[in-house]
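Dear colleague,

I am handing over the structure below, and I would be grateful if you could read it alongside the notes that follow.

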Amino acid sequence: MTAAGRPTPLVPSPLVDTVFDLDALLEPEEIVWARAARAFATNRILPTIEDDFEEKHFRAELIPELGAAGFLGMHLTGYGCAGAGAVSYGLVCLELEAADSGWRTFVSVQGSLAMSAIHKYGSAEQKQHWLPGMAAGQLVGCFALTEPTGGSDPAAMATTATRGADGWVIEGAKRWIGLASIADVAIVWAQTDAGVRGFLVPTDSIGFTAIPIGKKLSMRASIQCDVHLDAVQVPFDAILPGAAGLSGPFGCLNEARFGIVWGAMGAARSCLDAAILRAKTREVFGKPIGATQLIQAKLADMLVEYEKGVLLALHLGRLKERGTLTPTQISIGKLNSVREAIQIAREARVILGGDGITSEFPVMRHLANLESVRTYEGTDEIHQLVLGRALTGLNAFS
């Protein structure tokens, strides 16, 4: 701790922090979480991420380390979870995505989707069986909601679960399911005669197949899969007793969207830092391009949008901690953060010139990843319709 009682930085601060003093708005515990995540990202992810992205390699050996650091399900209480505040969780998402969106996505899928589903809706036995191992990074979960025909209309899901003589029989297919090929348990959402329900499906169940999706130009250092459910049988008590209807998966999606609000700003910060450094060292017409008015104007605009995005995320975090955050407010954050992060990444690529498309800099990797982040957990258009409905009282979804 410093003489003023603030946590001592573990790693150098990003360049934008010299202008934007976010720490002044944070509690000491929140700064500790942010510094820990920054140290993890700096020491364990960044040294290999460019190669991992190029080679489409997911470094699974980091999962227990994330658990040991307390990042997995950190916003949950009990069962080995850290019980951290919403802002602390958001800051961890920001720092991990500053390294790569794939690792913030892992933390989101594991903690905000799979673990949250069990924590929110599971029985006492289900929670005790799965959550401690997932919090420690010894077990991995996935969240099987999206289907091959699309993800924006989950009410139209075709996957079914029917009662058999000895339990439930699940039939169907899911697509773009993060972690499914390495997961120990899948939270599978399916239509039943009583509406949409969630099921805990061990991935070693007969008939469960997860095939990693290849030829990705985005999120290459993480895993997304096609999942096939061919008469998968699970016992009657595999159902999540507290989840009935689409409010179940939506409750988890809102947790993940909250992490994205913060995480996308981490990717934006990384791009902005790269642009600032390059503007100081790249010389054209006998002087650094950072000494020109046009480049300084671009950097200023990028910084303003980054600061606004983080301040919005912080506001939403404080609302979440008070228990007053609404799904509509989360839509505002998800729409703004990802849209502005993409624009910041594009401007950073311009400042870097031709070198900006190489892996010498992180910008194109972040930009490619953000195109995926823009799509999952609700596209721009879905969130625009959520906000439009809130403003007019009229439903334009159909």
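**Pockets, a helix and a serine**

Helix α4 gives the most to the lining of the largest pocket, with five residues; helices (H or I, at least four residues) and strands (E, at least two) are DSSP runs, numbered from the N terminus. Please bear in mind that this is a predicted model, in which local features need pLDDT of at least 70 and side-chain atom pairs count only at pLDDT 80 or more, while totals for chains, interfaces and linings use all residues. Residues are numbered from 1 along each chain as its sequence is written, and side-chain values use heavy atoms, with hydrogens and water left out.

The largest pocket has a volume of about 1200 Å³ and is lined by 44 residues, of which Thr146, Gly151, Tyr376, Glu377 and Gly378 lie nearest its centre. A pocket here is an open set of points on a 1 Å grid over the protein atoms alone, where a 1.4 Å probe fits, with protein on both sides within 12 Å along at least five of seven lines, and lining residues have an atom within 4 Å of a point. Grid points are joined across faces, edges and corners, and the volume is the space filled by probe spheres set on the points.

The second largest pocket holds about 540 Å³ of space, and among its 25 lining residues Thr42, Leu46, Ala98, Ser270 and Asp273 lie nearest the centre. Helix α1 gives the most to this second lining, with six residues, and α3, α6 and α9 each supply at least two.

After α9 comes Glu377, whose phi is positive, near 60 degrees.

Finally, Ser112 lies in helix α4 and is buried, with a relative accessible area of 0%. Leaving aside neighbours within four places in sequence, the contacts of Ser112 (heavy atoms within 4.5 Å) include His75, Cys252 and Glu255.

With best wishes

Conventions
Buried < 20%, exposed > 50% of the residue type's maximum accessible area, 1.4 Å probe, protein only.
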